[in-house]
Amino acid sequence: MDRHSEHKKLISPLRAAMYDFEPGRVRTTLNQLFAADALIRLCHPIGDLQGPEALYDHAYHGLFNALPDLERRDYIVMAGPDGEGNDWVGCGGYYTGTFLASWLDIPPTGHMVAMRFHEFYRFVNGKVVEMQAVWDIVEVMVQANAWPLSPALGREWHVPGPASQDGLVPSPRDEAKSTASCQLIMDMLTALVRYPSQGGPDVMELERFWHPRFSWYGPSGIGTCRGVAGFRNWHSIPFLTAMPDRGQYPQETTHHFFGDGDYAAVTGWPNMAQTLSHGGWLGIAPTGQKITLRSLDFWRTEKGLIRENWVLVDLLDVYHQLGVDVFARLREFNKARNLSPISLPSGMDK
């Protein structure tokens with residue numbers, strides 16, 4: 001078995017432990033998989049941690065307390081080397097369960113919720129030594145009717161897994177196809193950053209890279225877009241109008257691209273730097289401030305074109321950099337609501 005297939009196999013016990021989430025089993029599995037001093041990079045407000053014990057105590061413990069029937073579902077599991085020879089596994093999916101207790105001051109609903117995740121694990125000698133992950137916490141706020149800031153321009157919904165239903169990329173590894181998928185994405189991004197410094201929207205050559213019916217699954221707060229028109233109207237135009245210098249500070253960012261079959265992925269902490277010089281994005285006024293973004297993405301290619309793109313951006317960190325305390329606003333927005341735990345009757349007495 002090639003080492004990338006082996007790394008996906010090593011992730012399997014953690015995925016299984018989190019499917020039927022039992023705290024002791026999850027903690028044990030994390031300790032078996034992660035190096036004791038592993039660098040954990042999680043989205044705002046959780047932040048950077050060290051080691052599997054801290055990961056459980058500061059991330060999973062609170063989530064499990066809020067969703068006592070917590071369940072993890074992966075729809076993408078892929079692996080490969082980045083351009084520097086680092087070995088990564090990328091997992092995309094969602095955590096789900098019944099929201100019965102407050103989490104991060106988000107009021108419970110008593111109903112099932114789902115929160116997307118993109119989690120990337122870097123392996124050395126069979127151990128995870130680094131994790132970079134964005135959880136779509138905004139998505140939980142939206143489902144709890146508690147998001148206190150601007151509504152999304154795109155469609156807010158339960159984002160699906162791959163239409164091809166092959167996101168758990170099987171072994172053996174197809175090196176040629178994996179390389180081609182990754183190269184397509186890097187070529188697309190190279191063309192994308194030509195605009196606006198090198199011409200009008202045509203210099204991005206969107207039709208060259210994207211399937212005419214592609215789906216772009218953005219994070220909550222931005223939403224899903226369909227096709228070039230949807231992508232341009234509901235995401236790209238507001239984003240590029242607000243920050244036209246994106247892609248011009250490569251020395252301030254990192255990118256880890258890797259491919260696996262028809263899939264490609266990127267992670268970086270951060271992987272974008274740009275100046276919020278104009279308005280129109282997320283309802284944020286222009287500040288003239290340079291910000292960094294953590295955008296952790298998966299792409300699925302089909303016949304040489306991009307058919308689906310799953311994107312998670314740490315939007316809460318963006319607001320934090322700009323001095324907007326989303327959680328203070330959340331508390332004000334919801335202070336008339338009951339944050340106490342919810343106890344649902346079994347329903348078996350009727």
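Me: Leaving aside its neighbours within four places in sequence, which residues is His118 in contact with?
Reply: His118 is in contact (heavy atoms within 4.5 Å) with Cys91, Gly92, Gln132, Ala133, Val134, Leu296, Asp297, Phe298, Trp310, Val311 and Leu312. This is a predicted model, in which local features need pLDDT of at least 70, side-chain atom pairs count only at pLDDT 80 or more, and totals for chains, interfaces and linings use all residues. Residues are numbered from 1 along each chain as its sequence is written, and side-chain values use heavy atoms, with hydrogens and water left out.

Me: Is His118 buried or exposed?
Reply: His118 is buried (under 20% relative accessible area, with a 1.4 Å probe and protein chains only), as its relative accessible area is 0%.

Me: What lies 2.6 Å from a polar atom of its side chain, that of His118?
Reply: That is the backbone oxygen of Leu296.

Me: Which strand holds His118?
Reply: His118 is found in β5, where strands are DSSP runs of E, at least two residues, and helices are runs of H or I, at least four, numbered from the N terminus.

Me: How do β5 and β6 pair?
Reply: Residues 112–124 and 127–135 pair in the antiparallel sense over eight bridges; pairing requires at least two DSSP bridges.

Me: And what is the strand order of the sheet?
Reply: The open sheet of six strands runs β2-β1-β6-β5-β4-β3, with mixed pairing. The edge strands, β2 (48–50) and β3 (71–81), each pair on one side only.

Technical notes: Buried means under 20% relative accessible area, exposed over 50%, partly exposed in between (1.4 Å probe, protein chains only). A polar contact is a pair of N or O atoms within 3.5 Å; within protein, one must be able to donate a hydrogen and the other to accept it, and residues adjacent in sequence count only if both atoms are side-chain atoms.
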